[in-house]
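My entries follow in the order in which I made them.

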Amino acid sequence: MNQQPNAPILLLPIDAQINQMLAVAQKHDNFALGLTPAPRPNYVIGPGDELNVAVWEAPPPVLFTSGLASVTGGMSSSAGNVTFPSQRVSADGTISIPFAGTIKVAGYSPQQVSARIRKALKGLANDPQVLVQVPSNASAMVTVVGDVQQSIRMPLTAAGLHLLDALAAAGGARDPVDKETVQITRGKEVLSVPLRQVIDNPTQNIALAPNDVITVLNKPMSLTVLGAVAKNDELNFEAQGISLAQALGRAGGLLDNRADARAVFVFRFEQPSVLGKYAKHAPHLENGEVPVVYQLNLIDPAALLMAQNFPMKNKDVLYVANAPAAEFQKFLTIITSSIYSIDRVVAVSAGK
């Protein structure tokens, strides 16, 4: 449903349950959990790959004789064996082998292609043995772009390729790892994780899949701090994130003579999947997000522990409300100023 103009905003107190809920949601910002796993390293041939094909024929050779090369130029041939010129797999996934005809190779491993060629030559050659090699892989590639020393497109190998291997091949990130975010695009899936998290957590160094695109981003993260704090400002923070306690510290802390320690608020738009049961009756925006206000009560002795575990996100708004006494003091100041202004006007008028 769309949010109505006067629909209530979801207000959630920051406690252990809320922190646990956000921690569970944060686990899905994880390459190992958030992306479809790459297939096992079992290389299959695809269009654009370069293939080398060699055939050996058991003696006495019937098809591949020493005179074959002179008849079919371009082949390397001796009695009983022949090496065909390298050829690219066509767009329809086939290659052409003399005497065997057109062979479908896309989607098959080199060993399976060898068996298909051998089957096609059966009855023509004397117990043929076939070797297929892939010197140039063009169909199973990964691309590394963005804030790296050199953007590259590199082939996957039969042994597999991991994320940090690809980043190392691109020369690494240009900026310190704490400032960098790594994004992987796999088909329709797109997921971003701080580079520091990938380095510190081996499970994040995932195996890559064909056609993965790895983008390294120096994407500034920021939050806005308003209200009764020492510094109202937009605060930049590292890609790996900061806690609410750190954000309050960077803002200079609460103002003792103004702040209401019970009213520290974080304004955020959350995905319904993050909020779980809380999203059921919450107002939703047209894009599906849920506007949420998280409240921290620093009067509670456990609140600082909660603040240390509460993760801030990009574009959050952190607001500390004024204490009721401070609002009353502001009211008295306005009244006093008004009275003083009136007295001054009267005095000036009387002087005339």
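**Whole chain**

I began with burial: 37% of the chain's 352 residues are buried, where buried means under 20% relative accessible area, exposed over 50% and partly exposed in between, with a 1.4 Å probe and protein chains only. The model is predicted, and local features need pLDDT of at least 70, side-chain atom pairs count only at pLDDT 80 or more, while totals for chains, interfaces and linings use all residues. Residues are numbered from 1 along each chain as its sequence is written, and side-chain values use heavy atoms, with hydrogens and water left out.

I noted 10 helices and 18 strands; these are DSSP runs numbered from the N terminus, helices being H or I of at least four residues and strands E of at least two. The chain exposes about 19,200 Å², of which carbon and sulfur atoms supply 56%; the areas come from the Shrake-Rupley method with a 1.4 Å probe, and for residues only the protein chains shown count as cover. Of the contacts (heavy atoms within 4.5 Å) with a separation of 6 or more, 66% are between residues 24 or more positions apart.

**Glu270**

Is Glu270 buried or exposed? I find Glu270 buried, with a relative accessible area of 2%. Glu270 lies in strand β16, residues 259-270. Its side chain makes a polar contact with the side chain of Arg268 at 3.1 Å. A polar contact is a pair of N or O atoms within 3.5 Å; within protein one must be able to donate a hydrogen and the other to accept it, and residues adjacent in sequence count only if both atoms are side-chain atoms. Leaving aside neighbours within four places in sequence, I listed the contacts of Glu270, among them Leu22, Glu289 and Lys313.

**Asn218**

I then went to the loop between β13 (213-217) and β14 (221-227), where Asn218 sits. Asn218 is partly exposed, at 36% relative accessible area. The side chain of Asn218 makes a polar contact with that of Asp175 at 2.6 Å. Lys179 is 39 residues from Asn218 along the chain, yet their C-alpha atoms are separated by 6.0 Å. Beyond four places in sequence, Asn218 is in contact with Asp147, Asp175, Lys179 and Glu180.

**The sheet with β13**

I traced an open sheet of 5 strands in the order β10-β9-β13-β11-β12, with mixed pairing; strands pair if DSSP finds at least two bridges between them. The edge strands, β10 (152-155) and β12 (189-194), each pair on one side only. Strand β9 (residues 141-146) runs antiparallel to β10, joined by 4 bridges. Val142 stands opposite Met154 in β10.
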